[in-house]
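Thanks for coming. Please have a look at it before I start.

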Amino acid sequence: MTITQPDLSVFETVESEVRSYCRGWPTIFDRAVGSRMYDEDGHEYLDFFAGAGTLNYGHNNAVLKRALIDYLERDGVTHGLDMSTTAKRRFLETFQNIVLRPRDLPYKVMFPGPTGTNAVESALKLARKVKGRESIVSFTNAFHGMSLGSLAVTGNAFKRAGAGIPLVHGTPMPFDNYFDGTVEDFLWFERLLEDQGSGLNKPAAVIVETVQGEGGINVARVEWLRALAALCERQDMLLIVDDIQMGCGRTGAFFSFEEAGITPDIVTVSKSISGYGMPMALTLFKPELDVWEPGEHNGTFRGNNPAFVTATATLEAYWADGSAMEKQTRKRGEQVEQHMIAITEENLADVKEYRGRGLVWGLEFHDKDRAGKVAKRAFELGLLIETSGPESEVVKLLPALTITPEEMDEGMKTLARAVRETA
Ligand SMILES: Cc1ncc(COP(=O)(O)O)c(C=O)c1O
């Protein structure tokens with residue numbers, strides 16, 4: 001594809017230097033449908049990024065769009081703080097009937113503000129309030145958001161440095177496989193918890209991603225997650241699963257922890273919960289943890305009613321029979337894996353590893369700069385892929401769960417070509 005240079009001057013002169021994704025994809029996007037995005041010059045891009053996991057059902061999904069247009073046309077409430085509304089009632093009832101009850105999950109639902117980091121902040125606050133302790137344990141290469149509480153439990157040095165103040169009351173521990181299997185899981189962590197001379201303040205909670213999305217597609221084994229849940233129980237710490245990127249079906253099941261058969265005390269959900277890419281977040285917790293005073297955690301945009309409408313439509317359309325969605329995601333994931341095997345075989349000397357679960361996959365190279373070059377070449381070839389990991393050393397694939405088998409093959413062939421052409 002020949003790319004004509006678009007006029008980016010207003011973004012470069014008016015918009016802050018903080019902008020990031022647009023630097024890797026220097027064009028002006030205009031329209032988007034399903035797994036395709038189109039720029040102002042009419043170029044078509046296959047989207048293997050899906051709004052960083054926010055568009056699990058594709059761009060402008062027709063079913064969700066219809067529900068949204070109908071709601072707006074009948075003057076349904078758009079902004080409602082945390083007022084009781086028809087749209088919120090329908091969402092809560094549907095979430096309970098389609099998601100919580102069939103999984104035997106007893107959670108209360110909190111609307112913490114519309115972004116992922118709002119959910120994380122509220123989860124950390126609640127854990128501290130319940131346990132009366134300050135310290136939270138997080139894991140190496142974790143990412144939980146950019147506000148100060150979330151940054152304190154995030155690993156990335158560059159992002160942490162942006163805080164400008166000390167980030168306190170967080171203690172990092174090794175994520176699964178941090179020592180390449182040479183150290184027994186949780187040996188270090190449990191020893192510190194039990195040793196009165198260790199200097200570790202007893203934590204209120206542990207926060208974990210089942211697959212670290214921003215941290216480099218690091219997949220925790222189900223037995224590691226089970227052992228972590230058991231450790232939390234033994235040591236009287238709450239277990240918070242941050243399912244903001246890996247939830248809503250990304251790994252197969254609706255919640256990414258289902259495969260491990262664990263029930264976290266607190267779960268954070270955002271990104272694809274509205275289904276349509278509209279801001280919305282949930283903090284879920286066991287009822288006995290619901291010790292909030294009214295208004296103790298607040299926020300103007302907790303009642304994004306159009307998001308409740310598309311979230312309800314998403315659950316009805318895709319999760320009323322959840323097994324179909326899960327099966328489809330696993331099938332597409334197997335398709336990705338077949339291509340990953342072929343790419344690895346073709347580039348044996350260059351590829352370090354591929355890894356993933358469901359429809360989140362990473363491809364790591366020995367040369368840490370290679371992933372960035374592959375993503376750049378992929379863009380030129382009409383494929384949107386992101387990099388992740390502490391040094392952006394992993395190519396990250398996050399296509400919509402609704403992608404067709406043909407689109408998947410097309411994207412993976414383009415990826416193979418981008419790898420070949422950056423050797
Ligand atoms: C696991 C996880 N937690 C929290 C966040 C923060 O979400 P937001 O960017 O909506 O604040 C992200 C965003 O990528 C995430 O992946």
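**A helix pair and a sheet**

Helix α5 crosses helix α11 in a left-handed sense, meaning that the near helix is turned anticlockwise from the far one by less than a right angle, where clockwise would be right-handed. Before going on: this is a predicted model, in which local features need pLDDT of at least 70 and side-chain atom pairs count only at pLDDT 80 or more, while totals for chains, interfaces and linings use all residues. Residues are numbered from 1 along each chain as its sequence is written, and side-chain values use heavy atoms, with hydrogens and water left out.

Helices here are DSSP runs of H or I with at least four residues, strands are E runs of at least two, and both are numbered from the N terminus. α5 covers residues 86-100 and α11 covers 305-319; they pack at about 30 degrees, with axes 9 Å apart. Axes are lines fitted to C-alpha atoms, for helices over the stretch in contact, and angles run from 0 to 180 degrees between N-to-C directions. The two helices are therefore roughly parallel, a term for angles under 35 degrees.

Which residues make the contact? On α5 they include F91, F95 and I98, and on α11 they include F308, L315 and W319. Contact means heavy atoms within 4.5 Å. The residues of this contact divide into 10 nonpolar, 3 polar and 3 charged. Nonpolar means Ala, Val, Leu, Ile, Met, Phe, Trp, Tyr, Cys and Pro; charged means Asp, Glu, Lys and Arg; the others, Gly among them, are polar.

Now the sheet. It is open, has 4 strands in the order β13-β14-β17-β16, and pairs antiparallel. Two strands pair if DSSP finds at least two bridges between them. The edge strands, β13 (351-357) and β16 (386-388), each pair on one side only.

Strand β14 (residues 360-365) is joined to β13 by 6 bridges, and to β17 by 4 bridges. G362 of β14 is the bridge partner of R355, and K396 in β17 is the bridge partner of G362. In the hairpin of β13 and β14, with 2 residues between the strands, G358 has a positive phi near 55 degrees.

Is β14 buried or exposed? 6 of its 6 residues are buried, where buried means under 20% relative accessible area, exposed over 50%, and partly exposed in between, with a 1.4 Å probe and protein chains only. V360, G362 and E364 lie on one side, and W361, L363 and F365 on the other.

Terms used: Parallel < 35°, antiparallel > 145°, perpendicular 65-115°, else oblique.
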